[in-house]
Amino acid sequence: MDPDFVHLHVHSFYSMMHGVNSPEALCREAKKAGFSHLALTDSNGFYGLVNFLEAASAAGIEPIVGAQVKTEKTSAVLLARTPEGYEILSELITRRHTEHDFSLSQSLPERSRDLVVLSADPELLHGLRDRVECFFEIVPGPSDRKLLRIAKQIGVSPVATNAVHFAGIADYPLHRLLRAIGLNKTMGSLAPQDTVAAGQWLKSAREMSACFPDCPEALANTVLIAQSCLTPPNRFRTVFPNYLDKNEDHLALLVFECRKGIGWRYGKTGPKIENRLAEELELISAKGFVDYFLVVADIVRRRTVHCGRGSGAASLVSYLLGITHVDPLRHNLLFGRFLNPERKDLPDIDVDFPWDERDGLFEEITALYGSERLAFISNHTGFRARASVREVAKVYGMPVSDIKEVTSRMSYWSSLRIEKQKGERGAGSRKREAGSGKRGGGSGEGGEDLLAPRFSHPQFHNFSLEPPWPEIIDLASRLEAIPRNISTHCGGVVIVPDRVSRYVPVQISAKGVRIIQWEKDQAEKAGLVKIDLLGNRSLAVIRDALAAVRKNTGKAIDYASFNPVDDPQTQKIISRGNTMGVFYLESPAMRLLQAKAGRGDFEHTVIHSSIIRPAANRYIRQYLARLHGEVWEPLHPRLEEILAENYGILVYQEDVVQCAMALAGFSWGEADSLRKVISKKSREQLRDYRVRFERGCAANGVSAEVVEKVWDMFTSFAGYSFCKPHSASYALVSYKSAYLKAHHPAEFMAAVISNGGGYYSAFAYISESRRMGIEVPGPDINESSLSYTGRGKTMRVGFQQLQGMRKSGLEALIGEKDRRGPFSSIEELLERLRGELTIADALILAKSGALDSIRGSLNRPQTLWLIEAWFNRVTAPVVCQPSLFRPPSIKIPGLPDFPPGTKPAHEAQTMGFPLSVHPLELAGPYFGRLGRSTVPAFRMAEYIGRKIRMKGWPVTRKEVMTKEGEEMEFFTFEDETGIFETVFFPQPFKRFCQDLDMSHAYLLYGLVESEFGVASLSVDHAQRVTIGLERGRG
Amino acid sequence: MVRNIVHMQIRDFCAALEELRRPELKRGPLVLAQAGERAVIQGVNEPARKEGLREGLALSLARRRCRRLQVMVADFYHYREKHLEIVRELGLCSPLVEGSGPGSYFIDITGTRRLFGAGPDLACRMEKELSAKMGLRARVGLASNKLVSQVAAQCMAPGDLGFIFPGNEEAFLSPLPVDFLPGVGEVTASKLAGFNILRIGQLASFPGDMLAAVFGRNGERLVKIAKGLDTSAVFVSKESQRISVSKIMERDEIDPGRLESALFEQVEEAGWDLRRLNRRPGRLRLEIRYADGLSVDTQKRLPFWSLQADRPLFQSVLPAFHQIFRRRVAVRGLLMEFSDLAMPSAQLPLFTWKNQKGSEERDLQEALDSIRLKFGKKIIAWARAV
C-alpha cells in the first residue's frame, strides 16, 4: 500500500511534558493506519531516536529522522536527508541548548541539500529559502486557509502536517494533564495556547486528505519529502575514546604499561601470566579496545583510592594497569566474561571513586580532553508511582497532607499498573461476595466504587480512597513510563575522538555539565563506548579512616597494595556477621547470611556477595545446608565441574552462560544473550529461549526434570546476581573496610558516620560503636571538628550532626577556631563570631551540650539566657549615640537547672537522637507492667523455641514479597544490650504495618526461632510505645 | 475602686449544645464536623478529648483512631443563637457583658451589691440560672480583673466558683504553670521553658528590666500579667446586621467554572435576602476555605449605587474571588458576607424620557422575583448557577 500522505511532524513522549506516546506506540499505530514512512520530530532533541529506529524496524516502518527546533521567536521542523544532514541537525540542536543568543536562521549552513525545513513562520522561510529546501507547514485548523494564502504569496510550497502530539484522540486528556503538571496549573486554568488542539493525533491518510480538499499539493509534498529523506542505518558504528598521546603506537604503549604492571603486581613473570596476557592483548587489539584501556588507566591513576569493578575485573590487563585490584589468576576469573570473540555488545569498565572526589576528577578530565570531546550520559527521569500520584493529585488540587497520606502508604517499588490490575481483581471478588450476600450489602461502598482501582497493600487496609482518588490513581497509572526531564547519569562518560555533538545532541544539565540526550541503553545501542566513573561512599570511608590512622598512630597503609584477605581478625568479624559499617556486608540480610555461614574467607564472601541478590533468594537455605555438610548431588554430571566451587548452586551470571553451554550446547554468544534476556525479564523472549534451551538439552540427553530445575534457578536470581569478577572486586573492598573495623574501630566508625549514606542511621552506628566498647562523647566547641573524629577508644560527635545549624555558621566557627585558637567563654565565642552565628545556631550549640566545657559556673538555663540576652542587646536598635565605654556585662538571674530528662530531649532536638541515654531507658516507665518481663537482646539465644517479650528500638526495615505475593517485613531492632532481627510474617504484618515506624519504641511478643545457629524473633504482637522524643529522631 | 469581674466558661460549648439536643450522645466521643468524609473536626466533647481528638484534625484520621466515634454536622447558626441568648440572659445582671467567644463570658458586676447581693452569691446564682434555663454547666471565676477571673475559672470544675480575694491575685497565680496565663502562647511558654521558668510565681519574681533582656518590650507585660495586674475593661459586644451565605462544596472543587457557578448561587441567595429586606450592601467579605484547612479572605467596599440585582452584584464579587483564589489547592467552602446594609437611595430621574442606568436589569430581576414569590424560590434560576 502506498498512501498519499506521510506524517512528517510527530512528537513522542520525548517531547517532554508535551507528547504522550512512546515511539514504539507511534510506530505501531502508524503501521495500523497503513503508513509506510513515519518521521519523529521531538522538540529540540533526539532523546528517543535510537528507540524510534528500533521500533520502526520492528514495526516495518521506514523511519525519517528529524526534530522540531523551537526558540522563543520561531519554530521549524528540520528533517535529515543524509547522514551529513543528521550531523548538521545534531550540531544545531546542541547549539540551541548551549548558546544563549541562538538564532535558527543564522545557525543553518549557507547552502545545504542535506536538510529540509518545514515551518509556518513566513519570515524564517523568507530568510532560508535560498539556502535550504523549505516548505510552508500547514496544520489543519481554523487558520489553515490563511496560511495557505500566505504560502502562495511568498512562493513557498505548502506541506500538510498534523503536528502530532498523541497517537489517538483518547490520549488528549493525558496531554492536557501533562501540560497542567508542566505549567503548575490545574485542568480548569489551562489556557488554549497552553495545549495543542484536540485534533493533533496520528490521523490516517484519508482523514488528512479530508482536511485539505482544495490543496492536494500539500499532501503530495509530504510523500516527496519522505522519499527524499534517506533512511538512516539501523546500526550506528562503534565510537571508541581515543588516547591523547597520538604519535605513538598505542598497542606498544599498552604492552609496555602491562609489563610495568607485572613487576609491580607479581614481582616476576611466569608462563601462566604470559599466556593470559598474550591472549587478552590479542583480543583487546582485535576488538579495538587498546585506547579504551589506556584512557581508563590514565583516569584511574589520577586518584589513589578507587575500585574497578564489573566484568572488567576479570581482565589481567586491568589488574596490571591498576584499574582493578583483584588478581584474576589467583581467584580464577574468566576473561571471556569481559571480552569475547562472540560478544556483540560493548563491554564497559566501571570504576568507583570516593563520592566526594568524583566532581574534581570530572573537572580534571574535562580540562584534559576538552569539553567538546567529552560529555556525560543522561538519565531520562520518568514519573515513578509516587511522583505520578502526587503530581496528578496536585492538578486536582488535593491538599499536600492528603497526598502524603496516600503516597506514604505506597511501597517504594509499587507499580500503579500492577496495583490497578490487582485492585480490579480484588474489586471483582468483592463484588461477587457482596452479590452473594456475604457482606451485608456493602457499607457505603457503591457499585462504582467497587470497580475503582485500589491498593491491595495492607497499609491501605481500612483506608478508603474517596473520590476523586480513584480517578487520580487511574490517570497516574497512565503517567508511569513517561519521561519527565533529563538529568545527569551518576557516572557514565563518553569520550570520542572528535566532537560528541556530531553523534548526538549535547545539552547543559541542571548541574551545569554537558550531557548527551541519550540514556545509557540508547547510547550503548548507538555504539558510544562509555566509561562509568561512579561515586562510592565506602571508598571515602576507607580513605578517611586510613588518613585518621596515619595521623593518630603514624601507621601508613598503601591503598592499592593493601590486601587484608588473610588477616585472621578481619576474617573473624566477617564470619560472625559483625559487619555494620562494612561495605556491602552491612545489611541485615548479609550479616545474617555471614553469621549463618560462619565463614570468613575470601572465596565464600565472594559467593555471598552474589547469592544475596535478591535477599529472598530461596536457594540461600540450600546453599547454607550444603555448606554445613548436607550431602548433595550435582544437578547433572556436566555441571559438576562448573558449579563445584558453589556447592552445585548457580551463583554468578557466568554460571548461567556456562550451564547453558554445557547442557544445551549453546554457543557463547547465544548463552550470553540468554543471560541478558533473563536480566531484562522480557517474557516473550524468555519463552523463546526456554524452547531453544529445552531443545538443546533434549539433544544432549538431559532429562526434563533437570531442565526444569536448572531453568528455575536461572530465573530465580540470575536477574539480580553479579558476575564473579564484580563480586570479587566488591568483596576486596569489603575486606579492606572490615580490616579497618577490626583494627582501628574508632577511626573507622567515625569515617562511616561522617561520610553518611550507609545502610543505617547515625544513631544505629553510634549504638554499634558503643557495643564495640567505644566511648562516644557529645559535640564540644573546642574538641569537635566538622566530621566525627575517632582516636583510640573514643569517637567524638562532629558538628555535622547538629541538625538545623546553618552551614555558613559552622564554617565560620571552624575557620575562627583554626585561625585564633580555642574559645574560653560563651561571651568570647559570641563576640568572635559576631555577625556569623545566628541566635538559632548559638541555641543549637548550647542545647547539644557543645558549650558545656566553656560555660563555667552557669547552668544550661542560664547559658540559654545569656545567649538570648546577648543577641537581644546586639540587635536592639541604637537610640542615641553609641556608648564610648564597653557595655555592662549581661546580668544573669539565678535559674534552677533542668531536671535530668531535659538533656536527652535537647539532644534529640538538636542531633536527631538522645546521645547520653538510650531511648529505651527513657521509655522504661511507659512500657508499664509488661516491660518488666522482657528478655534483653543478648540473652535472646537462650530462649529458642519459646515465646518471649522484648523491648525494641527500630534500626532498619526491609519489606519483601512472599512467593504467594503477600507482603512481609524483616525488621531490625536494638535494645540497650544488643541488636536483634525480627520477622513480621504476612499475618502480623497486615495487623501491625500501620503502627510500625522508625521513631517509636516497641514492645514485641513472639517466638524465638533459630536457623543455622542464628536466633531471630518471629513477631506475633507489636505494641507502639510513645516516649515524647519522637519528633527529634532523624 | 475594686472591680468585681465574673468569668463564665463553658468548655466545648458547641459539643455541649449538641449533647443537650441529643442526650444519648453524651456517653461516647462526639465530634462536630462538616458533612463529607474529608472534613476537619470543628468541635469535640470531653470523651473525645480523652481519646486524643482535637479541633483541626482530619475527620478520616479521627475515625481511624477512634472506631466508636459519633459525628454530628456542626450547626453554627444554632450555636450563635444560643451564645447570643446567654449574653442576653447575663445582661439581666449587668449592662457590661462581653461574649469574648462561644462559651466564654465576662460580666462586670462592680457596684451591684445593693441590687443583687454579694459578688460570689451573684456569680453562683448566675451559674445556677444558666444551668437551670439552658442546661449548661459553666466554670466560674470571680476576681478583681478579667485576667485573674479567667484563670480562676480555668482552675475550677464545671458548676463551681473560684473566688479570688482582692489583693490575693499574685499568691493565687504563683504556683500555676505559666501557660495558664492568657497572653502566654506556645512560643512564649516554650521560650520560658528554655530558661526553666515553669511557674507563674517564678516569672513574677523577676524585675521587669531583667526580663526585658531576653523578651524585649514584652518582658514588662509578662511580669505584669504574672502578678495578676490587668486593667482592661469589659467590652460590650454589639452585633450589626449582616447577611451571610456559606456554601460547602459537595466535593472539593478546583475547576474555576464550577466554583464561579457556586459563587453565583450564593450571590442569588444573598441578593434575594437583600431585596426582601430592601437593603443595599456597603461592604463585602469573601472567604475561601481550601481543602487543606487554610482559609483566605478579603474585604471590599462596594460601590455606592444600589446593588440588589443578581448580575451586577456578581460582577462586583467576582474580582474579589479572583483576587484570593490563587492557590493550586481545591476549595472546600465559600463564605460570602454582606454588611453595612443601608436603604437603597437613588436620585429619581429628572427627565422621564431618559432611561435610568440599570433599569432593564432591575426590571428583569423584579420579574424573576415575582415568579419566585408566586411559585417558590427554586422555581427559576440563572443558568449560570446551575
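How many bridges join strand 3 (residues 75-80) of chain A to strand 4 (residues 115-119) of chain A? Four bridges join them, and the two strands run antiparallel. One bridge pairs A:Leu78 with A:Val117 of strand 4 of chain A. Two strands pair if DSSP finds at least two bridges between them; strands (E, at least two residues) and helices (H or I, at least four) are DSSP runs numbered from the N terminus.

This is a predicted model, in which local features need pLDDT of at least 70, side-chain atom pairs count only at pLDDT 80 or more, and totals for chains, interfaces and linings use all residues. Residues are numbered from 1 along each chain as its sequence is written, with chains lettered from A and ligands numbered from 1 in the order in which they are written.

Chain A holds an open sheet of six strands in the order 1-2-3-4-5-6, with mixed pairing. Strand 1 (37-43) and strand 6 (158-160) of chain A each have a single partner strand, so one side of each lacks a neighbour in the sheet.

Angles run from 0 to 180 degrees between N-to-C directions of axes, which are lines fitted to C-alpha atoms, for helices over the stretch in contact.

| Helix of chain A | Angle to strand of chain A |
|---|---|
| Helix 3 (residues 83-98) | about 30° to strand 2 (62-70) |
| Helix 9 (residues 216-228) | about 85° to strand 6 |

The axes of helix 10 (residues 250-265) and helix 12 (residues 290-300) of chain A come within 9 Å and cross at roughly 50°.

Terms used. Contact = placed C-beta atoms within 7 Å.
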